[in-house]
Amino acid sequence: MKHKPSIIFMGTPDFAVPALAALADFGCRIPLVVTRPDRPKGRGRKLTSPPVKKAAENLGLQILQPEATKSDAFYQAIAEHHPDILVVVAFGHILPKRVLEIPPYGAINVHASLLPKYRGPAPIQWAVINGEKKTGVTTMLMDAGLDTGEILMASETPIHPDDTAGTLHDRLAQAGGALLKQTIAALQAGTLQPVPQNHGEASYAPMLKKADGRIDWSQPAEHIERQIRGMNPWPLAHCFYEDLRLNIFKAEVRPATRAAVPGTVIPGFSKELRIAAGQEALSLLELQAAGGKRLPVGDFLSGMHIPEGAVLK
C-alpha cells in the first residue's frame, strides 16, 4: 500500500477515542466514523452522545449511528466509501461477515488484552481481579469468531499493585492508539506477518454484572482486595452493614488479629476498619455509604460507628 489508507472507524466508548485520534494524527483518510446511537443517561435521562461521536465531531468527520449492522442499508453505507481497512475498537456490535470482507486489507480490531488470554467484553477488569502481573493491547485481523483472528502486533504493560480497572483502562486506551498507529504503518510498509492465535491457551472475560461487585468475605483477603480494584469504577465492590450498602474503593491486606467469622469487624489500629476474611483480614481505607460521599476511613468512622463484632455481609 503506497498511499495513506482510507479507513472507516467503528468505536463507541472512551477506550476507542485515542485510537481514532491516532489514525487522524497519522494522516489516514477517515471518510466515515460509525458509533452507537445517542442514549438517555443519568438521573435526568438526558440524551447523551457516545465519546467517539464527540471526538469525531471535533475532527470534522462524517458520522453514522446505526441501530443494527445486519441490514442491507448498513452494508451499502460502508461499501460505498470503498475503504482500504476497517478499524474496530469497542464498537458494541457484531459485524456480519460480508461487512468484514468489504475492505481489501481487512478489518483490524484493537483488543485490551494479550490475546488469546481474556477474549470477550471485560478483559481489563478480569486481568486485575485474577491477579495478573501484566496485560496489554493486541491488534488482530477480525474473523467471524469472538476475538479469534490472527494477531498483528501486541504491546505489554505491567499491572501495578495499586492499579484499578479505571487506571489500567486509561493506560491501555493510550497504548491501543499507539499500537494501532504502528500496525497501520507496518501494514503500509508490507512488513506485517499475521500470526494465528493458540486457541488452546485462550480464556474468556465475561461482561461484569452488578452482582459481581458483592464481596464474599469467606474469600481470602488478597482476592477481595483485587476484586475491589477490578470493580472500580464499575460496578464497585460492595457489602452491607445491617441494611446499609457500603461501596469499597480501596483496602489493604492485613494480618487477622484474632479468629472470627468472615466479615466480622476485628480489632485494629485506631480509626481503622479491619474485617476478617477467609484468610487474613482486610483494612478498608476508602468507602462510601449509600447516598453519601466517598471518604477516607478516618472521616467515615467519624460520622458512622461500626463496632467491633459487627458482621458485614
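In the predicted model, Met 10 stands opposite Val 88 of strand S6. The two strands concerned, S1 (residues 6-11) and S6, run parallel and are joined by five bridges. Both belong to an open sheet of seven strands, in which the order is S5-S2-S1-S6-S7-S8-S9 and the pairing is mixed. Strand S5 (63-64) and strand S9 form the edges of this sheet, each pairing on one side only. Strands of a sheet pair through backbone hydrogen bonds, in either a parallel or an antiparallel arrangement.

At the second, Val 137 has Ser 155 in S9 as its bridge partner. Strand S8 (residues 134-141) is largely enclosed by the rest of the structure, because six of its eight residues are buried.

His 111 is located in strand S7, which covers residues 107-111. The relative accessible area of His 111 is 6%, and this residue is therefore classed as buried, the cut-off being under 20%. Beyond its neighbours within four places in sequence, His 111 is in contact with Tyr 118, Arg 119, Gly 120, Pro 123, Gly 136, Val 137, Thr 138 and Asp 147.

At least two lining residues come from each of strand S3 (39-41), helix H2 (51-59), strand S6 (85-89), helix H4 (97-100), S7, helix H5 (123-129) and helix H6 (165-189). The space in this pocket amounts to about 1800 Å³. Its lining comprises 49 residues, and those nearest the pocket centre are Pro 13, Ala 90, Phe 91, Gly 92 and Pro 121. By residue class, the lining consists of 29 nonpolar, 12 polar and eight charged residues.

With a relative accessible area of 26%, Leu 244 is partly exposed, since the value falls between the cut-offs of 20% and 50%. Residues up to four places away in sequence being excluded, Leu 244 touches Cys 239, Ala 289, Ala 290 and Met 304. Gly 291 is 47 residues from Leu 244 in sequence, with a C-alpha to C-alpha distance of 9.9 Å.

For the protein chain as a whole, the secondary structure comprises eight helices and 15 strands. Along the principal axes, the C-alpha atoms occupy a box of roughly 70 × 45 × 30 Å. Of the 313 residues in the chain, 48% are buried. Among contacts with a separation of 6 or more, 64% involve residues 24 or more positions apart. The chain exposes about 15200 Å², and 53% of this area is supplied by carbon and sulfur atoms.

How values were computed: Residues are numbered from 1 along each chain as its sequence is written. This is a predicted model: local features need pLDDT of at least 70, side-chain atom pairs count only at pLDDT 80 or more; totals for chains, interfaces and linings use all residues. Side-chain values use heavy atoms; hydrogens and water are left out. Helices (H or I, at least four residues) and strands (E, at least two) are DSSP runs, numbered from the N terminus. Buried means under 20% relative accessible area, exposed over 50%, partly exposed in between (1.4 Å probe, protein chains only). Contact means heavy atoms within 4.5 Å. On a 1 Å grid over the protein atoms alone, a cavity is a set of points where a 1.4 Å probe fits but cannot get out, and a pocket is an open set with protein on both sides within 12 Å along at least five of seven lines; lining residues have an atom within 4 Å of a point. Grid points are joined across faces, edges and corners, and a volume is the space filled by probe spheres set on the points. Ala, Val, Leu, Ile, Met, Phe, Trp, Tyr, Cys and Pro count as nonpolar, Asp, Glu, Lys and Arg as charged, and the others, Gly among them, as polar. Accessible areas come from the Shrake-Rupley method with a 1.4 Å probe; for residues, only the protein chains shown count as cover. Two strands pair if DSSP finds at least two bridges between them.
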